[in-house]
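Me: I have a structure open and would like to learn how to read it. Could you take me through a few features, one by one?

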Amino acid sequence: MKGVLLMKRRRDKGGGPVLAPGRAVWLKGLVALTILVLHAPIVVMMVFSFNNSRRNVVWRGFTTKYYEQAFNDPALLEALINSLTIAVISTFLSLIIGALAALMLWRFRFPGKGAFEGAMALPLVVPDICMGVAMMVFFASIGWPSHLPWPLSLSNIIAAHVAFSFPFVAVVVRARLAHFNREWEEAARDLGASEWRILMDILLPFLKPALIAGALLAFTLSLDDFVVTFFTSGPETVTLPVKIYSMVRFSVTPKVNAASTILILLTVVATLIATRLQRPEETARAEMAAQGGGQG
Amino acid sequence: MHASAREDAPRAVVSLRGIRRRFGRVTAVDGIDLDIREGEFFALLGPSGCGKTTLLRIIAGLERPDAGRIFIDGADMTTTAPNHRPVNMVFQSYALFPHMTVAENVAYGLRLEGLARAVIAERVREALALVRLEGLEDRRPDALSGGQRQRVALARALVKRPRVLLLDEPLSALDARLREEMRLELSALQMRLGLTFVLVTHDQDEALSMADRIAVMRNGRIEQLDEPEGLYERPRNRFVAEFIGKINFFDSILEEVDEEGLRVVLPGVGPLSLPVRCLVTERKAADLALGDALTLAIRPEKIRISRAGDHADADSDLFGGQDKADVRLTGRIAEWAYYGGISHMIVEATLPQSGEVRRISVVFQNAAKETVEAFDIGDAVVLSWPASAMIVLTS
């Protein structure tokens, strides 16, 4: 237990002192165990997507044929395209609504603000299943048209996704706004900036990391949502998670693993792109904002 | 009444008339008339909450007055937005844009004017040279020291070539040494540019050392507007006298007054004659009535301190041989703060007639090492000063 805790300054400015684990073996062990429990199943699933066996229980050699099958399965492909379409559109809408909600709560005082804030945060805590049932009942009761041509047929799923993901964007953006120095705004105005220029030149660049983090959250939430989508999707509007679920009900073939691996890769790629879009110095701040705000 | 609108006085670049501003139940600025002259270094000095920052923000346009009018260069700018006023501000936190480099920060105001790229580049270069920041163009604010940030903020405001530069507590975030350095630099800059500076500060040393004129504020009003020397030597009331520097007060009663001078009784000490110039308040000698309560005050550095029983110092030798020590008190050193160049002492002095003990603040020049070593806490000393070194306050 007598681990030597070394104080080490991080190279980049802005970061506080970082504790090195030193010789705390138990701490390292704990970390290793956590990683194993969290990630081993995913690795196993990915590995078995290359398994040359229909039953997929025992390893019978390497193959990529299930990826071929997956990409040649029109139903699976359609589900993938649906998922991506929904994710992109709902992210875009969540970003706008979430950022505007955060700005409004930060900037203005109005009657019922506290109640509004509470109501807005509800989707963060309401169980998915309740959300899904509520959405289903809601769309049925208002008679949302169900037989629209693609992509309008996805509109109810997109609306449901926006409803549960925009609060995440709002929380992340608000966390960042809390660190906004009002004197920046005043300085810009003093230097001749109009409200519009302040928004474009000062506020948005400042919010960029939070907007990227928020968009990433919204995108991944939408892409892998099963429960809410399950309740709101019709027979013609199947998304990848819903499709994978229906496939699993017949049998767990490597094709399911392949489809799941594709879903994971999409998420990882989105994350990587988002991190790349930010300058290194801003990454840390965005992470802090994301952690301080919504734990998805 | 403060704005002496003499005809030969330099033109006012900023004129405030009856400015009033309330925040809820608090009146931050309570009816201020003020003329800031072309090319002067003007300071708004006062304790926190006196309304000095609000007044500065009203000039900048960041705050709207509830009543009153603001004229800049003779034009009524009361309702003009800050982005359309010919003034620029250096903020207390500097407010540098964190996502822009030094050069981008300085160029921002010019970009908004829509100037040509080459013109902007040239003026940014000039401004950075002015504040001696060449070579740091591509740094970001978080990679700068406090002093460098301060300079960027200055350059960013100066590059706009404002009619008036507003400075909101610009030195408060710097350490003591840097503050001293920037003080001299700001003064030099102001003289070189001939630009009107308006400084807000709570630090009297800052105001005294830099400003041409100072307005001392309290509770949203100007208590006194004067040159630094005037504020220090002729404070109009107890508040100003106490706020600027240290001072000792004595309550006294007026006994006799004519064109020549005043005769007062200092309780516990005795009668004193003072020349009429010691009366520094607005009330003239003719307005005073016998028996009026007056406050006599003496600055700590105008008191001579010597060892008790050491009569080598002849009265005639003191104070250039002109005045004699009209007041002479004995006491002992109770506290002593050594500042290197000067020592600040608190002497517990006994008033000769009443025997009452008063704590008197004395500043002692550490001119010779031996004299510093000669004194110690608890030592019996004699305090003396000429009556003419005192000032008379009516409040």
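Reply: Happy to. Let us begin with helix axes: an axis is a line fitted to C-alpha atoms, for helices over the stretch in contact, and angles run from 0 to 180 degrees between N-to-C directions. Helices (H or I, at least four residues) and strands (E, at least two) are DSSP runs, numbered from the N terminus. Please keep in mind that this is a predicted model, in which local features need pLDDT of at least 70, side-chain atom pairs count only at pLDDT 80 or more, and totals for chains, interfaces and linings use all residues. Residues are numbered from 1 along each chain as its sequence is written, while chains are lettered from A and ligands numbered from 1 in the order in which they are written.

Me: At what angle do helix H2 and helix H3 of chain B pack?

Reply: Two packed helices are described by the angle between their axes and the distance between the axes. Here, H2 (residues 102-113) and H3 (residues 117-130) of chain B pack at about 125°, and their axes are 9 Å apart. H2(B) and H3(B) are therefore oblique to each other (under 35 degrees is roughly parallel, over 145 roughly antiparallel, 65 to 115 roughly perpendicular, and the rest oblique).

Me: Which residues of H2(B) and H3(B) meet?

Reply: A contact means that two C-beta atoms, placed from the backbone, lie within 7 Å. On the H2(B) side you will find Ala103(B), Val106(B), Ala107(B), Leu110(B) and Arg111(B), and they meet Ile120(B), Arg123(B), Val124(B), Ala127(B) and Leu128(B) of H3(B). By class, the residues of this contact are 8 nonpolar, no polar and 2 charged. For these classes, Ala, Val, Leu, Ile, Met, Phe, Trp, Tyr, Cys and Pro count as nonpolar, Asp, Glu, Lys and Arg as charged, and the others, Gly among them, as polar.

Me: How many residues does each chain bring to the contact between chain B and chain A?

Reply: Chain B brings 19 residues and chain A brings 17. On the chain B side, strand E6 (87-90) and H2 each supply at least two residues. H2(B) gives the most, with 4 residues. That side of chain B has 10 nonpolar, 5 polar and 4 charged residues.

Me: And what makes up the secondary structure of chain A?

Reply: Chain A comes to 12 helices and 2 strands. Buried residues make up 34% of its 296 residues; buried means 20 or more other C-beta atoms within 10 Å of a residue's own, exposed 12 or fewer, and partly exposed in between, with C-beta atoms placed from the backbone.

Me: Is strand E3 of chain B mostly covered or mostly open?

Reply: In a regular strand the side chains alternate between the two faces of the sheet. For E3(B) (residues 41-45), 5 of its 5 residues are buried. Phe41(B), Ala43(B) and Leu45(B) are on one side, and Phe42(B) and Leu44(B) are on the other.

Me: Which strands pair with E3(B)?

Reply: Strands pair if DSSP finds at least two bridges between them. E3(B) and strand E8 (residues 196-201) of chain B pair in the parallel sense over 5 bridges, and Phe42(B) stands opposite Val198(B) there. With strand E9 (residues 213-218) of chain B, E3(B) pairs in the parallel sense over 4 bridges, where Leu44(B) stands opposite Ala215(B).
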